[in-house]
Amino acid sequence: MKLSTKGRYGLRALLDLAVHADGTHVSLYNIADRQQISVNYLEQVFSQLRKAGYVRSVKGAQGGYALAMQPQEMTIGGILRVLEGSLHIATEETSGENPLQDCIKKYVWDRINGGIDHVVDSITLGDLVEEYRSGQDYTMFYI
């Protein structure tokens, strides 16, 4: 499985929004500038995220985007499925007529797919925000 730029950039932009929002709306221009992503591309990505209920938009001079729910409520799996569709590497159906095919599906494809689901559904956007902030140097300088 390989994620497209939509999934990778979308997750990066959503994390940027979560880190920089602080209760205010953030413009796509600011996110695009910080992340070096086209504003037009982000408009498409955020349109999908808005329709899925992950972000809300406000029009006007002080407008922009904000998270529609708490970061701890947003799983990475949910976000990526909105942007990418299924994350499974194989969606092979079995008919029960081919025991070799059934064996491979059960012991290989289903296990890999289950592992992917487990990982992406156990990480939240809140986890990424915490990880990002813990890696930042918050040294205070006093004059």
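The model discussed here is a predicted one.

**The loop position Thr124**

- Thr124 occupies the loop that links helix H5 (99–122) to helix H6 (125–134).
- Its side chain comes to 3.3 Å from the backbone nitrogen of Gly126.
- Apart from neighbours within four places in sequence, the contacts of Thr124 are Pro71, Gln72, Met74, Thr75 and Ile76.

**Packing of H1 against H6**

- Helix H1 (residues 5–20) packs with H6 at an angle of about 70°, and the two axes are 10 Å apart.
- Because angles of 65 to 115 degrees count as roughly perpendicular, this term applies to H1 and H6.
- The crossing of H1 past H6 is right-handed.
- On the H1 side the contact involves Leu11, Leu14, Leu15, Ala18 and Val19, which meet Leu125, Leu128, Val129, Tyr132 and Arg133 of H6.
- By class, the residues in this contact of H1 with H6 comprise nine nonpolar, no polar and one charged.

**Packing of H2 against H3**

- Helix H2 (residues 28–35) and helix H3 (residues 39–51) pack at an angle of about 120°, with 9 Å between their axes.
- H2 also passes H3 in a right-handed crossing.
- H2 contributes Leu28, Tyr29, Ile31 and Ala32 to the contact, while H3 contributes Val39, Leu42, Glu43 and Phe46.
- Seven nonpolar residues and one charged residue make up the contact of H2 with H3, with no polar residues.

**Asp16 in H1**

- Asp16 is part of helix H1.
- Its relative accessibility is 4%, so Asp16 counts as buried.
- Leaving aside neighbours within four places in sequence, Asp16 is in contact with Ile31, Arg34 and Gln35.
- Ile31 also belongs to the H2 residues that make the contact with H3.

- Thr24 lies in the loop between H1 and H2, and at 45% relative accessibility it counts as partly exposed.
- A polar atom of the Thr24 side chain is 2.6 Å from the backbone oxygen of Ala21.
- Beyond its neighbours within four places in sequence, Thr24 is in contact with Tyr65 and Ala66.
- Thr24 and Leu42 are 18 residues apart along the chain, and their C-alpha atoms are separated by 19 Å.
- Gln36 is located in the loop between H2 and H3.
- With a relative accessibility of 64%, Gln36 counts as exposed.
- Most residues other than glycine have a negative phi.
- Gln36, although not a glycine, has a positive phi of about 55°.

**Tyr107 in H5**

- Tyr107 is placed in helix H5.
- At 45% relative accessibility, Tyr107 counts as partly exposed.
- Between Tyr107 and Asp22 there are 46 Å in space, C-alpha to C-alpha, and the two residues are 85 residues apart in sequence.

Note on methods:
Residues are numbered from 1 along each chain as its sequence is written. This is a predicted model: local features need pLDDT of at least 70, side-chain atom pairs count only at pLDDT 80 or more; totals for chains, interfaces and linings use all residues. Side-chain values use heavy atoms; hydrogens and water are left out. Helices (H or I, at least four residues) and strands (E, at least two) are DSSP runs, numbered from the N terminus. A polar contact is a pair of N or O atoms within 3.5 Å; within protein, one must be able to donate a hydrogen and the other to accept it, and residues adjacent in sequence count only if both atoms are side-chain atoms. Contact means heavy atoms within 4.5 Å. Axes are lines fitted to C-alpha atoms, for helices over the stretch in contact, and angles run from 0 to 180 degrees between N-to-C directions. Angles under 35 degrees count as roughly parallel, over 145 as roughly antiparallel, 65 to 115 as roughly perpendicular and the rest as oblique. A crossing is left-handed if the near helix is turned anticlockwise from the far one by less than a right angle, and right-handed if clockwise. Ala, Val, Leu, Ile, Met, Phe, Trp, Tyr, Cys and Pro count as nonpolar, Asp, Glu, Lys and Arg as charged, and the others, Gly among them, as polar. Buried means under 20% relative accessible area, exposed over 50%, partly exposed in between (1.4 Å probe, protein chains only).
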